[in-house]
Amino acid sequence: MDKQVLLDELHCSADGLEESQVKQNQQKYGLNELVETKKKSIILVFLEQFKDFLVIILLVAATISAILGDHESAIVIFTVVVMNALLGTYQQTKADQSIDSLKKLSAPSAKVIREGKPMIIPSNEVTIGDIVMLEAGDYISADGRIVENASLKINESALTGESESVDKLDTVFDKDMPLGDQLNMVFSGSYVTYGRGNYVVTNIGMDTEVGKIAALIKQTKEKKTPLQVSLDQFGQRLSIIILIICAIIFGVSALRGMPILDSFMFAVALAVAAIPEALSSIVTIVLSFGTQKMVKEHAIVRKLQAVEGLGSVSIICSDKTGTLTQNKMTVQKYFLFKDDEQHLRKLILDGILCSDALIDEDGKQIGDPTEVALIDYAIKNDFSSDDIRREYPRLSEIPFDSDRKLMSTTHHIGGQDVMITKGAVDVLLTRMDLSEEQKEQLVQVNQEFSSQGLRVLAFSYKTIDHLDLTIEDEKDLTFVGLIAMIDPPREESKEAVAKCKEAGIKPIMITGDHKITAAAIAKQIGILDNIDEAVEGMEIDSLSDEELKEFVENKSVYARVSPEHKIRIVRAWQEKGHIVSMTGDGVNDAPALKQADIGVAMGITGTEVSKDAASMVLTDDNFATIVKSIENGRNIYANIKRSIQFLLSGNTAGIIVVLLSSLLALPVPFAPVHLLFINLLTDSLPAIALGLEPDQKDVMKEKPRPKSEGILTRDFVTTILIEGIVISITTFIAFWVGITYFDTLTAQTLAFATLCLSRLVHGYNCKSQHPVLFTRQFMNNKYLLGAFLVGVTLLMSVLLLPGLHGLFSVADISFELLGLIWGLALSNLFVIQIIKWIRTKLGSRG
């Protein structure tokens, strides 16, 4: 279809839709969104909590109890199981909400023309008839027909499977074409790799080509993080060991005359209490809370695995512009062979015409920061960029690309067609008609500007007799002038770099700028100490991969790099055993972002391609945010370890007490109801509370965690065993007192209450591997305090309210015995704190 016929049919024009048409079309066609697969209802999520094998056994045991007349035990077991299911449902829905909120935050945007003005809108607001503007790096948000084309190349691999970019044409075909041959169309889900252009939207949402594919895709499960997988494997192995122990205890109990049903009930209850089935769900909830916190601190985590990886990052490869600097380029100096007002006005005029940037009436900046600086400089010198562009409209162009480092446009000026070319000084120097003396002068001025951290653009022109430009036309040019600008370092960059070094993380600058420019900025913020640490990408070309591994060790700044260089630098550090974070914002950064362990895209200046390749997106494009995210990642990992330490040490204590009682031929120390009660209280609320422990600033004084280090290190397991043994000793003392001076029911009550209270108290031991008893850190977690108070209230209610004694199989106890319970439970706190103090003094770490 002819494009004008199509525009008429869609009731729109090249100036875009009127606001009234936008609303009308959005009502008629809906939003530009893919319909997501229907999510599970909360009821279904709740019912799925009962699929666990051990829970099924417990429900069978409760049913048998009810049939045999033990209604109290049955009620308690059902209550505990339902409460655990409710907690599991809350955790799963909370995690889903966190992930949903991240999806919304990371939704791409589109640049459209409406009522003749360009504007950036969320991609889901794009509607039929919209004119969408495209440039290199943009994702295409809806299907449409090209109406303006300047060397557009589009990657359609998501739709066609072809990795080669497709050259697009503003043309008309005389017959229907296959999808891959529709060169005058663009499709949602593909992205621009070169050039620029406009297209009119013809299909949105589920009517797009990618929407048709989406309709065929079935729901896929969220992948578990590496940490969750390793914990699940650990949990399975532990479950087998515990089930074997339970089978032995069941056999011993039965042989000693305990009724078979009671023996079975006790063995099952011990298994449920001992197996840390809450591990995986607690990891999920801690990670999801952590990602929510990071969103507030300007980091959107697109992949949960990134949170774990952040704690191990030892190398940060960062782009300079906008990440370490403010991304607010400002013209500082200029150079002309003849410095007068006429030549300066010519330079400013060329800066306006040979750029795509816009600054609207409200001061909103759209476009590349370097080009925005040119427009801003023109405005300060009383030029109106809109008036200039109307007077000298662009007739044709060769868009900028990172390989040529040039951009050319043509305009009718002074009665003739003129091509204006701007670009890197070193590239244009070979393409201009200059004397050797002039060349030497330009090289000297360029070096002088660059050594001050200034970015230099050269401008040139020539008259032409045709408008069909090719890169062959970019020669025999006449020099106009140089414009030097600076993007000053962010104030917080210097502090963030210092923090990195203290944390054992090496910050590396990778940039397309000149070596001198890059080194000047790097020195200001502390990345560079010696100029020998700065190199250009060309130096890497001659090195083999093995040589590069040695070469990168002492280099901190890489200038004039290509996408291939970035990948090789990242891979070299990875092969040396490091976890590498890489930042980027352009299409050419996407391969390196994917190669890196933690790819970090820029949310403001970043292209949609770079965001899609990254595992994390910064909403403020700030290097300091990466460092803060690493700190958060380390704290989240430390909190997960605290939760695991708490769960496993408490479970170890319970198992040791039961085994010791069996070996000494004593009655079982806990009734099944006791273990279920402890499981509910101590395996959930305090464990989650420890996962929300306030950040510890000293985590950034530690070296990065080795890539190969698992969570269950020898020291960590030793800590768990020591703490489990301490708690089991006080619990067994309470049981022994009951057996020696009272009866079995009282002994079980004392053991149950001491273990339960000891585990609640033990939450405070798990806050740190150092003693914290007399520090501010001891009481700085309101969630842990809340979990402790809830647990103590419930435990005291069971012990002191006569109406609950039969239900929970406890005996009436005196205030003296209550004092014994508290004394033994609190003694765990002091003993374990003393052990931590001794281990700290000896230099051992848990």
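Visitor: Leaving aside its neighbours within four places in sequence, which residues is Ser643 in contact with?

Guide: Ser643 is in contact with Ile282, Ala687, Leu690 and Gly691 once neighbours within four places in sequence are set aside; contact means heavy atoms within 4.5 Å. Please keep in mind that this is a predicted model, where local features need pLDDT of at least 70, side-chain atom pairs count only at pLDDT 80 or more, and totals for chains, interfaces and linings use all residues. Residues are numbered from 1 along each chain as its sequence is written, and side-chain values use heavy atoms, with hydrogens and water left out.

Visitor: Why is Ser643 called buried?

Guide: Buried means under 20% relative accessible area, exposed over 50%, and partly exposed in between, using a 1.4 Å probe and protein chains only. Ser643 has a relative accessible area of 2%, so Ser643 is buried. Its place is in helix H24, residues 623–663. Helices (H or I, at least four residues) and strands (E, at least two) are DSSP runs numbered from the N terminus.

Visitor: What makes Ser123 count as buried?

Guide: The relative accessibility of Ser123 is 11%, and therefore Ser123 counts as buried. Ser123 lies in the loop between strand S2 (117–122) and strand S3 (131–135). Not counting residues up to four places away in sequence, Ser123 touches Asn32, Pro108, Ser109, Ala110 and Ser141.

Visitor: Why are H27 and H28 called roughly antiparallel?

Guide: Helix H27 (residues 714–741) and helix H28 (residues 744–765) pack at an angle of about 155 degrees, with their axes 7 Å apart. Axes are lines fitted to C-alpha atoms, for helices over the stretch in contact, and angles run from 0 to 180 degrees between N-to-C directions. Angles under 35 degrees count as roughly parallel, over 145 as roughly antiparallel, 65 to 115 as roughly perpendicular and the rest as oblique. H27 and H28 are therefore roughly antiparallel.

Visitor: Which residues touch the most other members of the largest nonpolar core?

Guide: They are Phe623, Phe752 and Leu795, in a core of 111 residues. H24 gives the most to this core, with 16 residues. A nonpolar core is a set of buried Ala, Val, Leu, Ile, Met, Phe, Trp, Tyr and Cys residues joined through side-chain atoms within 4.5 Å. Among the residues that Phe752 touches, not counting those up to four places away in sequence, are Phe670, His674 and Leu795.
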